[in-house]
Amino acid sequence: MPAMLARVSGCAVVGLNGAPVSVEVDIAPAGLPAFSVVGLPDAAVQEAKERVRAAIRNAGATFPGKRITVNLAPADLRKEGAGYDLPIAIGILIASGQVPPHIAEGAVFLGELALNGDLRHVPGALPVAAMVRDEGFRRLALADVDAPEAALIEGPEIQPIASLRDFIEGARAHAPLPLLDRATLPPPADAVTVLEVDFSDVRGQEHVKRAIEVGAAGGHNVLMSGPPGAGKTLLARAIPGILPPLNGEEALEVTKIYSVSGTLREGGSLMRQRPFRAPHHTISNAGLVGGGRKPRPGEISLSHHGVLFLDELPEFGLATLEALRQPLEDHQVTIARAQAAITFPARFMLVAAMNPCPCGFYGDATKACTCSAGAVLRYQRRISGPMLDRIDIFAEVPRVEYEKLAATSATEPSAAVRERVCSARSLQYGRFGPGGPTVNAGMTPRLVREHCQERLAPEAASLLRMAMAQLSLSARSFHRVLKVARTIADLAQTDRIEAAQVAEAVQYRRRGGDQ
C-alpha cells in the first residue's frame, strides 16, 4: 500500500503579520503506530497530537492507527500556539481518505480543537486574514467565534466552523459549510467615547486644561507636576473624551495589535476609540516595551494611536523609562531574538504625572515640604535629561483653591474641547497628506522648516530668537517649541504662527535645568 500524503495550509503569526505555513501529513502504510510533529513546533503544537486524536474520534471519524508524520514548513520558522490543531486534523482526515482532498484547495485553516471537536478562539485572526488576502488564497476556515474578526479584512471568503463534526459531515455530503455573509454582520458602530471623566468634572486648572488641549490636538507629550490631590490623574483620565475617533487605517492597525495580543474583545469588532493605557509603576521592561519568549506587544504598542499614561513617573524603574526614549523618537519598537527581530508600531501620546519631591509638597504655597534639598534633587533626577528633552509640554498643577472647588457654575465640557481638537487635527491631515505624519508632533526637521519656520510672523521669529538665547534651548527643544506653536495656530485655525502663539509654546517648556 503506497504512502498517503496530504498538504493543508495554515498560518504563523510573526509580530503583527501572518506567514503561510504548509502542514504536510504523511501516513505510512507500515511500521508501528506513532504520531510525530516536526518543523520547529513549541510545546503547544506538540500537545496538539492528543487534542487532534481525541477530537477526530469524538467527531465521528476514525483516527488511523498507523505511523503519522506531520511536517510544518518552512522548518526554520518556529511554530507556536494552538492554531495548528485544525489544519493538522484536516490533513490527517484527507491523508486517510475520510474526506475529499479538494476541500483544502485555496483555503487556510486556523483553530484550536477541544477534545469533543468543538473549535475554540485563537488570537491573531485579523493578521491571518490579511495574509490570506495578500498571498492569494481564496478562503479562511476558522472557529465561528473568530469569523467576525477575520471578516474585517475585505477580500477573502470566511468559512465559520463550530465543530470538526460539522465540517466532516459537510465534506462527506459534498455540502460544505456555508461562507460568512458579511452583509449579515452588524454595521461598524460609530466611535462612542465612554467618558470616565469629563473636563467639566475638573474644577479650576484652566491653564493645565489648555496645555492638555494643545497636547491632544498635536499629539504632543505632556508632563504634569504638582502636589498630591491637585487633579493630575483626573485630568489625564479626561483626555480620551477630547480625542478624535480613529480613522479607518488607524482603526485597523490598532485592532490588529489587540488581536495579536489576545486582548481584542469578543466578537472582533473594529476598534474605533483611541486606546488609553495606564500601567502601574511596577511594570517590567518587557511589559512596557514588549517581549517575552514569544514576542508580544507591550503597553507602548497597545497605546498605538492613543495615550500612554504613566502616573508617578519617578517611581518607574530607570531602565524602564530609558527604554521609552527610542520609541518616542522612532514611533516603533524592535524586539530582537535569536530567531528573528520583531517590530511593533508605537506611535502614542505620552502623558505623565509626578510629584515635585518625595513628600509631594516642594514649592507648595500652603503645606511645607519636609524633604531635604538632596532628597528633592535625587527624586527629580530619577528622570534623565534626555528623557525630559522628549517632553513637549510641561504643566504645573497647583493646589485648587476652595472657591473654585465649591463653585457651582458650569465649566466647558469635553465635547466642546473635542470639536476644537478634531478641527485642528483635520488641518494636519490635510497639510501632510497620505504617507505623512498624522499629527504635528511627528513632523520631521524638513516639515518643521516648511510648515513652522517659514510660517513665522516677524514678531514671532524675534521672540523665538530671544527665547533660544535666554533659555538655552537645545536643537530638539527648538523644534519642539515650533511644533507646539504650529498646533496652537491650528487650534486658532490660522496658517501663520503669531508671536502670542510662540510665547505660549515657550511657556510650556521646563523651567530650570536643561531645556
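This passage describes the overall make-up of a predicted model and then its local features.

The model is predicted, so that local features need pLDDT of at least 70 and side-chain atom pairs count only at pLDDT 80 or more, while totals for chains, interfaces and linings use all residues. Residues are numbered from 1 along each chain as its sequence is written, and side-chain values use heavy atoms, with hydrogens and water left out.

The secondary structure of the chain consists of 21 helices and 18 strands (DSSP runs numbered from the N terminus, with helices being H or I of at least four residues and strands being E of at least two). The C-alpha trace spans about 90 × 50 × 45 Å along its principal axes. Of the 515 residues in the chain, 51% are buried (buried is under 20% relative accessible area, exposed is over 50% and partly exposed is in between, with a 1.4 Å probe and protein chains only). Among contacts in the chain with a separation of 6 or more, 74% are between residues 24 or more positions apart (a contact means heavy atoms within 4.5 Å).

An open sheet is formed by five strands in the order 11-14-17-10-18, with parallel pairing (two strands pair if DSSP finds at least two bridges between them). Its edges are strand 11 (276–277) and strand 18 (393–396), each of which pairs on one side only. Strand 11 runs parallel to strand 14 (residues 307–310), and two bridges join them. R277 has L308 of strand 14 as its bridge partner. The loop between helix 11 (299–302) and strand 14 contains H305. H305 is not a glycine, yet its phi is positive, about 65°. With a relative accessibility of 10%, H305 counts as buried.

Parallel pairing also links strands 5, 8 and 9. Strand 5 and strand 8 are joined by four bridges, and A141 in strand 8 is the bridge partner of F109. Between strand 8 and strand 9 (residues 157–161) there are five bridges, with Q159 in strand 9 as the bridge partner of A141. Strand 8 (residues 139–143) is mostly covered, as five of its five residues are buried.

Three aromatic pairs are found in a search of the whole structure (rings of Phe, Tyr and Trp, the last by its six-membered ring, pair if their centres lie within 6.5 Å; planes under 30 degrees apart count as stacked, over 60 as edge-to-face and the rest as tilted). F109 and F167 form an edge-to-face pair, with 5.9 Å centre to centre and 90° between the planes. Because F109 lies in strand 5 (residues 107–110) and F167 in helix 6 (residues 164–172), this pair ties together parts that are 58 residues apart in sequence. F109 and F167 are both buried.

Helix 20 (residues 475–491) has 17 residues, which should span 24 Å at 1.5 Å a residue; its end C-alpha atoms are 25 Å apart, in agreement with that value (the expected span is 1.5 Å times one less than the number of residues). Since 14 of its 17 residues are buried, helix 20 is largely enclosed by the rest of the structure. Leaving aside residues up to four places away in sequence, D490 touches A424, L427, Q428, R431 and N440. R431 in turn lies over the face of F432, at 5.7 Å from the ring centre (a charge sits over a ring if NZ of Lys or CZ of Arg is within 6 Å of the ring centre and within 35 degrees of the ring normal). Helix 20 is followed by Q493, whose phi is positive, near 60°.

Further backbone features occur in loops. A cis peptide bond with omega of about 10° joins A73 and P74, and P74 is found in the loop between strand 4 (67–73) and helix 3 (85–95). H331, a residue other than glycine, has a positive phi near 65°. H331 lies in the loop between helix 13 (325–330) and strand 15 (332–336), and its relative accessibility of 21% makes it partly exposed.

The structure holds zero disulfides (a disulfide is a pair of cysteine sulfur atoms within 2.5 Å). C422 is partly exposed, with a relative accessible area of 23%, whereas C452 is buried, with a relative accessible area of 0%.
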